[in-house]
2 protein chains.
Amino acid sequence: MKILLEQLTNYAPLSEVALHALKNSFEKISLYKNDYLLKEGQISKHLYFLEKGATRGYYNLDGKQITHWFNFENDFVTSFHSFITQKPAVENIQLMEHAVLWCISKETVTDLFKQHHEIEHLVRIAYEKYYIRLEERFVNAQFKTATELYENLLQQHSHILERVPLGFVASYLGISQETLSRIRSKF
Amino acid sequence: MKILLEQLTNYAPLSEVALHALKNSFEKISLYKNDYLLKEGQISKHLYFLEKGATRGYYNLDGKQITHWFNFENDFVTSFHSFITQKPAVENIQLMEHAVLWCISKETVTDLFKQHHEIEHLVRIAYEKYYIRLEERFVNAQFKTATELYENLLQQHSHILERVPLGFVASYLGISQETLSRIRSKF
DNA sequence: TTTGCTTTTTGATATTTGTCAAAAATTATT
DNA sequence: AATAATTTTTGACAAATATCAAAAAGCAAA
């Protein structure tokens with residue numbers, strides 16, 4: 001919980017009142033490798049904070065699993081599309097390792113926004129950061145070669161390569177597993 | 001101005017007070033084809049609402065102009081990365097047509113957030129929509145073929161194809177102009 | 001440690017897309 | 001209307017990546 005609150009106050013400072021409200025709003029849960037936080041077709045009712053562990057988001061396309069993101073310690077996790085629109089998710093969220101998470105429901109989030117403007121303010125700032133991060137990833141994905149993407153990943157997020165099977169990384173980068181294997185052998 | 005306020009209240013309803021504050025915060029400007037809203041290296045100090053006209057964002061890579069987004073009527077335009085971080089922009093924003101815009105400064109936006117929580121609330125919701133939109137575009141860009149991307153564009157945003165030179169569309173889709181030309185000839 | 005299961009690598013080949021150069025078509029300017 | 005400038009198309013070829021199949025390596029369970 002301490003980690004979660006620290007992470008939140010990195011975005012913006014919070015009053016004691018707001019901190020207290022947040023403390024009472026998250027519930028701790030513990031899940032195991034291969035468990036699902038969300039399955040395709042379900043509506044995402046919860047936002048999770050990943051204190052420990054690793055998750056991946058994937059969807060099924062032509063009988064294949066396409067992993068399109070990973071989350072690790074201190075990340076917020078959910079199907080944002082489903083959580084925001086309350087429509088069925090197209091993706092699955094699965095644990096790649098045993099994980100400790102803090103869980104909050106959509107309704108609780110909405111209530112917190114109503115009761116504590118400073119929390120909505122904080123989330124507005126968090127959204128900006130998340131938006132920029134997505135924009136960067138998008139530009140990279142579109143305009144860099146597979147080798148450049150791998151180098152980037154190696155330099156900036158090498159922990160991903162150590163904790164995640166190669167096949168997942170390949171689809172995360174948008175390339176085939178064989179190509180990634182060949183690229184890697186050249187380094 | 002009426003259009004701008006309508007567009008805003010599509011995200012969330014606003015009180016008379018907030019509407020009035022907004023009315024006093026935007027300034028109308030008129031610019032011409034090939035003018036720049038922002039050049040690479042500048043810090044984006046303004047957010048624009050495009051009432052009429054069309055803009056593109058592009059950056060320079062290996063001596064080429066890479067167009068990575070377009071904006072048309074009723075879109076908000078800026079280099080979000082630069083506007084949010086107040087760091088120099090990597091992209092240029094140029095008018096593709098004569099345009100009528102409503103302009104607001106970063107400081108004014110910040111002040112409005114402080115004075116009217118409902119405006120920050122509205123923007124929080126707007127961010128969610130923008131985030132989802134970017135996510136969709138990202139997933140498409142990464143996992144669809146050039147032909148599928150063109151078909152999508154044709155079905156969902158055919159106005160883009162009519163108003164924008166082919167070369168810009170090609171780099172928007174992340175493919176070469178020659179490839180796009182060949183795809184198009186097959187339809 | 002042996003056996004079975006999963007993941008990764010390797011080889012051969014096919015497909016997609018890019019690049020370069022030139023021609024054709026379109027648009028703008030005088 | 002003629003000329004110039006820009007944009008789009010076409011062709012030939014090269015490069016990058018995907019696909020399929022099989023071997024090798026790694027890991028887990030009995």
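Ala, Val, Leu, Ile, Met, Phe, Trp, Tyr, Cys and Pro are counted as nonpolar, Asp, Glu, Lys and Arg as charged, and the others, Gly among them, as polar. By this classification, the surface near DNA strand D has four nonpolar, eight polar and four charged residues. The model is predicted: local features require pLDDT of at least 70 and side-chain atom pairs count only at pLDDT 80 or more, whereas totals for chains, interfaces and linings use all residues. Residues are numbered from 1 along each chain as its sequence is written, with chains lettered from A and ligands numbered from 1 in the order in which they are written.

A residue is taken as near a molecule or strand if its C-beta atom, placed from the backbone, lies within 6 Å of it. There are 16 residues around DNA strand D, of which A:Ala146, A:Ser176, A:Thr179, B:Leu166 and B:Ser181 come nearest. Two or more residues each are given to this surface by helix H6 (146-156) and helix H9 (177-185) of chain A, and by helix H8 (166-173) and helix H9 (177-185) of chain B. H9(B) gives the most, with six residues. Helices (H or I, at least four residues) and strands (E, at least two) are DSSP runs numbered from the N terminus.

The same surface serves both, since 100% of the contact residues of chain B recur in chain A; contact requires C-beta atoms, placed from the backbone, within 7 Å.

Chain A contains nine helices and eight strands. Its C-alpha atoms fill a box of roughly 55 × 30 × 30 Å along the principal axes. Among contacts in chain A between residues at least 6 apart in sequence, 70% join residues at least 24 apart.

Four strands of chain A form an open antiparallel sheet in the order S1-S8-S3-S6, where pairing requires at least two DSSP bridges between two strands. Strand S1 (27-31) and strand S6 (76-77) stand at the edges with a single partner strand each, so one side of each lacks a neighbour in the sheet. Strand S3 (residues 46-52) is joined to S6(A) by two bridges, and A:Phe49 has A:Phe76 as its bridge partner in S6(A).

Key
Two residues are in contact if their C-beta atoms, placed from the backbone, lie within 7 Å.
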